[in-house]
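Here are a few exercises to work through with the model open beside you. Try each task before reading its solution.

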Amino acid sequence: METQPQLNNTTKTHEPSILKPIPGGPSNGTLGRHLARRLVQIGVKDVFSVPGDFNLTLLDHLVAEPELNLVGCCNELNAGYAADGYARSKGVGACVVTFTVGGLSVLNAIAGSNSENLPVICIVGGPNSNDYGTSRILHHTIGLPDFTQELRCFQQVTCAQAVVNNLEDAHELIDTAISTALKESKPVYISISCNLPALPHPTFAMEPVPYFLAPTTSNQMGLEAAVEATADFLNKAVKPVLNMLSGDTAVIAETGDSWFNCQKLRLPENCGTIIFLINNGGYTIEVEIHDGPYNVIKNWDYTKLVDAIHNGEGKCWTAKVRTEEQLTEAIATATGDQKDSLCFIEVIAHKDDTSKELLEWGSRVAHANGRPPNPQ
């Protein structure tokens, strides 16, 4: 049987912050406080959330934790992807949503974290503990007296699940789920009944004992061999899929034709943060597979959208370009006068302006999708 990570009162991993005693002593030893301190301890500084009536009390305790910053998101899927990105950057991420309507919304992001081996702590505010085992039909559900639908969905995309609806084993369930996420580098699901976060329990009276997780070490010889083999493979490739950019350069391309084109992209040296939106008025990648009126979308004025989000605060600069000359001028501005700003450049492209790689790929996908059924 695989052993669980052990607790130790001296060793800390994942670069945790220095833990301080709980002000006021045991009176502050609540479930919500314990969870907040656990998140801080494993290195989480920002928690991405969407409020809902089942998680509001829990959010109060996260807000009250001075070493946590609660980041409000527009919807649960955004919160999940933000936690995913945070985990890539910081090593572990966390998001908080509400029961079922929020949990099912964040599910796709958590599934992505699972496929990318990212430890994301997905926390859901659950029903009142008294409602478990009753025949009550609650809001935020699918209209059945079965509260396990959300849990069953998360069982497919997380390495551990914890449904906390009583205080007796809450400490063990929370700690085991979080330690499993760190150990396996996978997301976990923690549901906490909405009436429990403010309640004290003896197991929460003390500052959480730091986790002891055996550090993961890399096989240096294997790593060097892999790097050498990869470099040899790329050097021999006619059209390598990966761009070997400098350590100061990053190209992030969306899926679709922009991915094919951005394989060839080189950004100017010393440029700041520039977002290019390639606007061809629809789903060109789908057009090359199978065309139809559903592949044309209603266009927005995307630069005005950025201005609306910006609302005069911070440093943002936008431009909309339709020609190569305008694009050259916009890039010059973004890397010159506006180099300290977040720059958003909308590039208007013709709907049929695509790469030959996408044309070939679309043809192959159309052929594969259109194969007739095998004879029975």
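Contact here means heavy atoms within 4.5 Å. Keep in mind that this is a predicted model.

**Exercise 1.** Find what share of the contacts in the chain with a separation of 6 or more comes from residues 24 or more positions apart.

*Solution.* Start with the elements: the chain has 12 helices and 9 strands. Next, take the contacts with a separation of 6 or more; residues 24 or more positions apart account for 75% of them. As for burial, 39% of the 376 residues count as buried.

**Exercise 2.** Describe how helix 1 and helix 6 are arranged.

*Solution.* Two packed helices are described by the angle between their axes and the distance between the axes. Angles under 35 degrees count as roughly parallel, so helix 1 is roughly parallel to helix 6. The crossing is right-handed.

**Exercise 3.** Is Ile123 buried or exposed, and which residues is Ile123 in contact with beyond four places in sequence?

*Solution.* First locate Ile123 in strand 4, residues 120-126. Its relative accessible area is 0%, and buried means under 20%, so Ile123 is buried. Its contacts beyond four places in sequence include Leu35, Leu39, Leu58, Val97 and Ile190. Finally, check Ile190: Ile123 lies 67 residues from Ile190 in sequence, yet their C-alpha atoms are 4.8 Å apart.

Conventions:
Residues numbered from 1 in each chain as written. Predicted model: local features only at pLDDT ≥ 70, side-chain atom pairs only at ≥ 80, totals over all residues. Heavy atoms only, no water. Helix = DSSP H or I, 4+ residues; strand = E, 2+ residues; numbered from the N terminus. Buried < 20%, exposed > 50% of the residue type's maximum accessible area, 1.4 Å probe, protein only. Axes fitted to C-alpha atoms, helices over the stretch in contact; angles between N-to-C directions. Parallel < 35°, antiparallel > 145°, perpendicular 65-115°, else oblique. Left-handed = near helix turned anticlockwise from the far one by under 90°.
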